[in-house]
Amino acid sequence: MALFQLFLISILSSCMAHDEDIMTPVVNIYSELKELKASIIGLTLALHTAKNELAEQKSLIQELQKQIKGIFSESPKVAFTASMSNTEDTHRGPFSTETKLIFDKVLTNIGNAYNPATGVFTAPVKGVYYFRYSGSAFSSHEMGLSIFKGTVRFVSSYEYNSGERNDQMSNGAVMELDVGEEVHTRLWIRTWIFVDPRYNYSTFTGYLLYPLDSTSV
């Protein structure tokens with residue numbers, strides 16, 4: 001009888017130990033929840049920081065957009081294209097001296113910085129400008145053209161008597177001009193350029209790319 005009781009006690013002890021193993025958690029749930037909570041708090045703070053940075057960047061972009069819009073809205077509009085007028089097909093030149101060409105047939109003159117009576121463009125503001133000329137001539141004579149910045153030759157083109165029926169050429173340049181500086185086109189000595197009443201083969205063009213303030217480099 002004593003042996004049987006000892007056997008039962010042994011079995012019950014084994015079962016109780018087994019139940020304790022089942023109830024005992026493998027991990028510490030409280031610690032895991034605590035770490036998870038800390039992670040969520042960290043992510044929340046990071047999200048708020050990102051939102052604040054995004055708001056600052058958005059505000060900066062809007063400010064830059066306003067500044068750019070202000071620059072372009074306040075920037076003067078300057079652009080022109082002119083040809084030479086005549087009642088019939090003819091030519092200018094040849095001359096015994098290099099001669100300023102007067103493109104008196106205005107096609108566009110926004111800002112009125114180009115003077116068709118003198119053939120001279122006068123910069124209304126300090127800025128960076130682009131100028132271009134095109135020339136057409138019969139092949140029986142040479143053609144030479146130059147753009148001048150003030151009294152200084154800037155760019156040129158020359159077309160030798162090629163033997164073809166017609167000759168075409170063009171050139172252009174970007175210039176930095178101060179207020180009041182002048183630009184014009186000249187025909188070389190002993191050369192000519194074609195003038196027509198309809199097609200405007202020979203032209204002089206210029207426009208403001210962007211203005212420069214006094215502190216610009």
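1. Asn200 lies in the loop that runs between strands β12 (193-195) and β13 (203-211). Helices (H or I, at least four residues) and strands (E, at least two) are DSSP runs, numbered from the N terminus. The model is a predicted one, in which local features need pLDDT of at least 70 and side-chain atom pairs count only at pLDDT 80 or more, whereas totals for chains, interfaces and linings use all residues. Residues are numbered from 1 along each chain as its sequence is written, and side-chain values use heavy atoms, with hydrogens and water left out.

2. The side chain of Asn200 has two polar partners to note. A polar contact of 3.0 Å links it to the side chain of Lys105, and another, of 3.3 Å, links it to the side chain of Ser83. A polar contact is a pair of N or O atoms within 3.5 Å; within protein, one must be able to donate a hydrogen and the other to accept it, and residues adjacent in sequence count only if both atoms are side-chain atoms. When neighbours within four places in sequence are left aside, Asn200 is in contact (heavy atoms within 4.5 Å) with Ser83, Lys105 and Leu107.

3. Ile110 belongs to strand β4 (residues 105-110). Ile110 counts as partly exposed because its relative accessibility is 44%; buried means under 20% relative accessible area, exposed over 50%, and partly exposed in between (1.4 Å probe, protein chains only). Not counting residues up to four places away in sequence, Ile110 touches Lys77, Val78 and Ala79. Between Ile110 and Thr81 there are 9.3 Å in space, C-alpha to C-alpha, and the two are 29 residues apart in sequence.

4. The largest nonpolar core has 29 residues, and those with the most contacts inside it are Phe121, Tyr129, Phe131 and Leu177. At least two residues of this core come from each of β1 (79-83), β7 (127-138), β8 (143-149), β10 (166-177), β11 (182-187), β12 and β13. A nonpolar core is a set of buried Ala, Val, Leu, Ile, Met, Phe, Trp, Tyr and Cys residues joined through side-chain atoms within 4.5 Å. Tyr129 touches, among others beyond four places in sequence, Phe121, Leu177, Tyr207 and Leu209.

5. Ile29, Leu33, Leu36 and Ile40 make a nonpolar surface patch of about 400 Å². Patches are made of residues with over 30% relative accessible area and no salt bridge: like charges are joined within 9 Å, nonpolar side chains (Val, Leu, Ile, Met, Phe, Trp, Tyr) within 5 Å. A salt bridge is a side-chain nitrogen of Lys or Arg within 4 Å of a carboxyl oxygen of Asp or Glu. Ile40 is part of helix α2 (residues 29-74) and, at 47% relative accessibility, counts as partly exposed.

6. Asn112, in the loop between β4 and β5 (114-115), has a positive phi of about 55 degrees although it is not a glycine. Asn112 is exposed, its relative accessible area being 62%. Arg190, in the loop between β11 and β12, is likewise a residue other than glycine with a positive phi, near 60 degrees. Arg190 is exposed, with a relative accessible area of 56%.

7. Of its 217 residues, 28% count as buried. Among contacts between residues at least 6 apart in sequence, 73% join residues at least 24 apart. The protein exposes about 14,400 Å², of which carbon and sulfur atoms supply 59%. Accessible areas come from the Shrake-Rupley method with a 1.4 Å probe; for residues, only the protein chains shown count as cover.
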